[in-house]
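The model is predicted.

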Amino acid sequence: MSRKSSVTIKFHNGEDIPLELHKVRVVQKLNLVPIERRLEALYEGGFNTFRLNTKDVFLDMLTDSGTNAMSDMQMSAMMHADDAYAGSQSFFRLQKAVEDVLKKKYFLPVHQGRAAENILSHAYIKKKGDLIPMNYHFTTALAHITQYGGRIVELLYDEAYNISSSHPFKGNLNVEKLEAVIKETGVENIPFIRMEASTNLIGGQPFSIQNMREVRKIADTHGLRIVLDASLLGENAYLILQREPEFAGSSMEEVISIMTGMADIVYFSARKLSSSRGGGICTSDRAIYLEMEALIPLFEGFLTYGGISVREIEAMAVGLYETLDETMICQSPQFIAYLVNTLTANGVPMVTPAGVLGAHVDAMQMCKHIPQTQYPAGSLTAAFFLTAGVRGMERGSISNQRDENGNETYADMELLRLAVPRRVFTLSQIKYVIDRMTWLYENRHLIGGLKFVYEPPVLRFFMGGLEPVSDWPQQLIAKFKKDFGDSL
Ligand SMILES: Cc1ncc(COP(=O)(O)O)c(C=O)c1O
């Protein structure tokens, strides 16, 4: 790791803890309901944390998507939104922000990230079997690509699958494999190469600029396009500042513009990138813009709102500029690093090095006794909600989809993701998470498996229903009561 964050603040007593560089001016009351109620909530929600009701959730670490704290500047921008079906001034302010921050001339608004994936798949996947090489899939990207008859191939280096690692760029796209895939498949069957910033499903792991340069070179040689999923671009850029020596003295703006400059098309979920709602696709190539333009009114809404409320468009514009502020963007990665490093020191198997968007617990390792057929990550996610009232997200085989023959495809990694949305939690809440997870690790033998009782055919992890294979939740409650007495 080449540079300490420019916003690291040292404590005289030597403690190494992240310091909040913001103050809290609007608060929301939280409840921690008793463990018996948490068990009822699990049964009501099919042991699937997506189906929980927030009245039963204490710390909501499901995702950072649409849950990052908005700044005062974003909130105030929402008040001068220009309500108009067409030609809204809010849109032009957003278009300017996209040009200033992402350095792309043409912008197509969409209602959220997956809508961009739908448009891109619709526009570019022309025949069954078209192949999209990528560093790693994201659930919705895969679902849209396959929906249009396409296939994907994931091209990571072996180190990326090494859960416990010190490699700074586990999200790098394997360029040797990329060359081989292009040769084997033929450029005519590859609509584009997809690079995902801060690769979500392998633990929020970044790729380096050096890697993207190599991918760009290969793309140029073969006349292929690069599509950058920029949903977590700010965090990837922040980690480049920290970890890629060439950029130790650069600014967020410089790194972001180098990254977007190497992509033909950039798309994003604004729920993540700009702490708002909405999403977008941008490019500096007019021909590319025209290939997608007509699809926006068809699927999303008129070209100057794309299914997003004008208030959110204003918040998105301000949020994009704020992405360039290192004191804002550093906050979540610093909290995550604290969470990951402390839990690792306590013996809990974590994905390392700490990435972005959340801390990831290695359920395959922690719940070795649960076979993958019984979903170790889903089981750990349910068990952690039961013991802590903390809602994480399963990122393992339940999040995978079945193959075309209906067979299970087991995930490379079984992870419990504990998302740390930007500027939402306090350090004592993070300490509570560490305390309860350490306790659960010490009692991990009590966690049992799950089985599906309701399985939707697409994106089953959202609404699927499961149940425990034994009375393990009751046993876990008994041990909790023994150790914590009447504590919530
Ligand atoms: C990397 C990545 N791409 C795409 C998406 C989809 O975005 P949305 O949830 O706004 O549809 C997400 C959402 O989490 C994501 O993390």
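## Backbone: positive phi

Lys103 lies in the loop that runs between α3 (89-102) and β2 (106-110). Its phi is positive, about 60°, although Lys103 is not a glycine. Lys103 counts as partly exposed because it has 17 C-beta neighbours inside 10 Å, and the cut-off for a buried residue is 20 or more.

Ser275 is a second residue other than glycine with a positive phi, here near 50°. Ser275 sits in the loop between α10 and β8 (279-283). With 27 C-beta neighbours inside 10 Å, Ser275 counts as buried. As background, most residues other than glycine have a negative phi, and most peptide bonds are trans.

## Backbone: a cis peptide bond

The peptide bond that joins Thr352 and Pro353 is cis, with omega about 0°. Pro353 belongs to the loop between α15 and β9 (358-362).

## Helix α8 and its surroundings

Helix α8 spans residues 233-243 and is mostly covered, with 10 of its 11 residues buried. The buried residues are Leu233, Gly234, Glu235, Asn236, Ala237, Tyr238, Leu239, Ile240, Leu241 and Gln242. The partners against which the buried residues of α8 pack are the helices α7 (209-222), α9 (252-261), α10 (270-273), α14 (326-329) and α15 (331-345), together with the strand β7 (265-269).

## Packing of α8 on α9

Two packed helices are described by the angle between their axes and the distance between the axes. For α8 and α9, the axes come within 9 Å and cross at roughly 115°. That angle makes α8 roughly perpendicular to α9, because the class takes in angles from 65 to 115 degrees. The crossing of these two helices, α8 and α9, is right-handed.

On the α8 side the contact involves Leu233, Ala237, Tyr238, Ile240 and Leu241, which meet Met252, Val255, Ile256 and Met259 of α9. By class, the contact of α8 with α9 has 9 nonpolar residues, with no polar and no charged ones.

## Packing of α4 on α5

α4 packs with helix α5 (residues 139-147) at an angle of about 25°, and their axes are 9 Å apart. α4 is therefore roughly parallel to α5, since angles under 35 degrees fall in that class. The crossing of α4 and α5 is right-handed.

α4 contributes Gly113, Arg114, Glu117, Asn118 and Ser121 to the contact, and α5 contributes Thr140, Ala141, His144, Ile145 and Gln147. The contact of α4 with α5 divides by class into 2 nonpolar, 6 polar and 2 charged residues.

## Shell around the ligand

The ligand is surrounded by 15 residues, of which Gln112, Gly113, Arg114, Ser231 and Ser269 are the closest. Which elements give two or more residues to this shell? They are α4 (113-124) and α10. The residues of the shell around the ligand comprise 2 nonpolar, 8 polar and 5 charged.

Definitions and conventions
Residues are numbered from 1 along each chain as its sequence is written. This is a predicted model: local features need pLDDT of at least 70, side-chain atom pairs count only at pLDDT 80 or more; totals for chains, interfaces and linings use all residues. A residue is buried if 20 or more other C-beta atoms lie within 10 Å of its own, exposed if 12 or fewer, and partly exposed in between; C-beta atoms are placed from the backbone. Helices (H or I, at least four residues) and strands (E, at least two) are DSSP runs, numbered from the N terminus. Two residues are in contact if their C-beta atoms, placed from the backbone, lie within 7 Å. Axes are lines fitted to C-alpha atoms, for helices over the stretch in contact, and angles run from 0 to 180 degrees between N-to-C directions. Angles under 35 degrees count as roughly parallel, over 145 as roughly antiparallel, 65 to 115 as roughly perpendicular and the rest as oblique. A crossing is left-handed if the near helix is turned anticlockwise from the far one by less than a right angle, and right-handed if clockwise. Ala, Val, Leu, Ile, Met, Phe, Trp, Tyr, Cys and Pro count as nonpolar, Asp, Glu, Lys and Arg as charged, and the others, Gly among them, as polar. A residue is near a molecule or strand if its C-beta atom, placed from the backbone, lies within 6 Å of it.
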